[in-house]
Amino acid sequence: MAKKYSILLLFALFCGLFFTQCEKKKEKKGQSVEESLRTPPAYSADSAFLFVKAQTDFGPRVPNTPAHKQCLEFLKQTLAEYCDTLYCQEFTAKAYDGTELKSCNIIGSFAPEKTKRIVLASHWDSRPFADHDAEEANRQKPIDGANDGASGVGVLLEVARQLSLKSPEVGVDIVFFDAEDYGTPEGVSAPEGEWWGLGSQYWSQKPHIPGYRALYGILLDMVGNANARFRHEGFSELYGRSVINKVWGTAGQLGYGDVFLNATSHPITDDHYYVNTLAGFPMIDIIHQEDYTGTGFPATWHTLNDNIEHIDKNMLAIVGTTLLAVIYDEK
Ligand SMILES: [Zn+2]
């Protein structure tokens, strides 16, 4: 044991020396304290991917199912580990067909004392019907929602982990909306109503803190396919043009201009629509839209193919790295 100890000691001394040298090199570069505080931490693609897979491993996260309940516990525990204050907003939502959905929005606050805040959001439930699947026999089956749901949440859990390791200058709230994807299935008639984004409608009217407002918000939806391309979604441009410019500008500087395209695309009634119209502060949507599929969305959208096999960890990292750069740049 004594020998082992001395080798360990030598190793520790070597490491100490090595890191001291590194520190000196850093100082030589002339990075000020302020600059180093605003340097974003490195985003881990592997970690983000594991956070996506952890969700799909539960199976489809459809409200009122055991998988939904189990994933809720996982998300609460994981986010609580990283954030300063966790809020669980339980509510019962009414679906297009009258089904009562036991739902829960999960909110993780970082530096809750700070008044200047940014909110990052994604939906964590998955769709109960693969109503756009090529096989008619599959259209009643629930989907894994690896891209549509889990990808955004996975990206944000890795952002949360990084925020816990190094604090930015602004406060951040990470919101996982429930009951986004229980909207009226294709070809089914339903009473007039807003049947999508039930969790974001609830939160926008009853935020976790009364009167809550953020400087701006960024929503992620379908950010995990290898061929993802993000354009300026219509409502994002209408309500949050300056946020679009900031995020797309940052992505361009990072060399992701071939993923974040400076082009406009049609508006989508996603969770950000309700935040913009009901909560009263701008929220943009980073969402994968496609023209060639005929649905406006990627080929896996609302099909059983929306599974973990179609998730590209490099795409998760492109989105996560862009978010970190935007957050740490805020003063
Ligand atoms: Zn969906």
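Two strands count as paired here if DSSP finds at least two bridges between them. By that criterion, in this predicted model, strand β6 (residues 230-233) pairs with strand β7 (residues 260-265), since three bridges join the two, and they run parallel. One of the positions that tie these strands together is F230, whose bridge partner in β7 is F260. Helix α7 belongs to this arrangement as well, for β6, α7 and β7 make a right-handed β-α-β unit.

From α7 the path leads on to another helix. The axes of α7 (residues 234-253) and α9 (residues 313-329) come within 9 Å and cross at roughly 115°, and the crossing in which α7 passes α9 is right-handed. On the α7 side the contact is formed by K246, V247, T250 and A251, which meet T322, A325 and V326 of α9.

In general, the strands of a sheet pair through backbone hydrogen bonds, in either a parallel or an antiparallel sense. Here six strands form an open sheet with mixed pairing, in the order β1-β2-β4-β3-β5-β8. Because β1 (85-94) and β8 (283-287) stand at the edges and have a single partner strand each, one side of each is left without a neighbour in the sheet. From one strand to the next, the twist averages 20°.

Within this sheet, β1 and β2 run antiparallel and are joined by ten bridges, with Q89 standing opposite N105 in β2. The two strands form a hairpin with five residues between them, and in its turn G98 has a positive phi of about 90°. On to the next pairing: β2 (residues 100-110) and β4 (residues 171-177) are antiparallel too, over five bridges, and G108 stands opposite I174 in β4. Helix α6 (residues 198-205) packs on the sheet, where it touches β1, β2, β3 (117-123) and β4, and the direction of α6 makes about 55° with that of β2.

Although E90 and D178 are 88 residues apart in sequence, their C-alpha atoms are 9.5 Å apart in space.

The remaining two residues concern the backbone. Most residues other than glycine have a negative phi. In the loop between β2 and β3, however, lies A111, with a positive phi near 50°. A111 counts as partly exposed because it has 18 C-beta neighbours inside 10 Å, a count that falls between the limits of 12 and 20. H302, placed in the loop between β8 and α9, likewise has a positive phi, near 55°.

Notes:
Residues are numbered from 1 along each chain as its sequence is written. This is a predicted model: local features need pLDDT of at least 70, side-chain atom pairs count only at pLDDT 80 or more; totals for chains, interfaces and linings use all residues. Axes are lines fitted to C-alpha atoms, for helices over the stretch in contact, and angles run from 0 to 180 degrees between N-to-C directions. Helices (H or I, at least four residues) and strands (E, at least two) are DSSP runs, numbered from the N terminus. A crossing is left-handed if the near helix is turned anticlockwise from the far one by less than a right angle, and right-handed if clockwise. Two residues are in contact if their C-beta atoms, placed from the backbone, lie within 7 Å. A crossover is right-handed if, with the strands pointing away from the viewer, the path from the first strand over the helix to the second runs clockwise.
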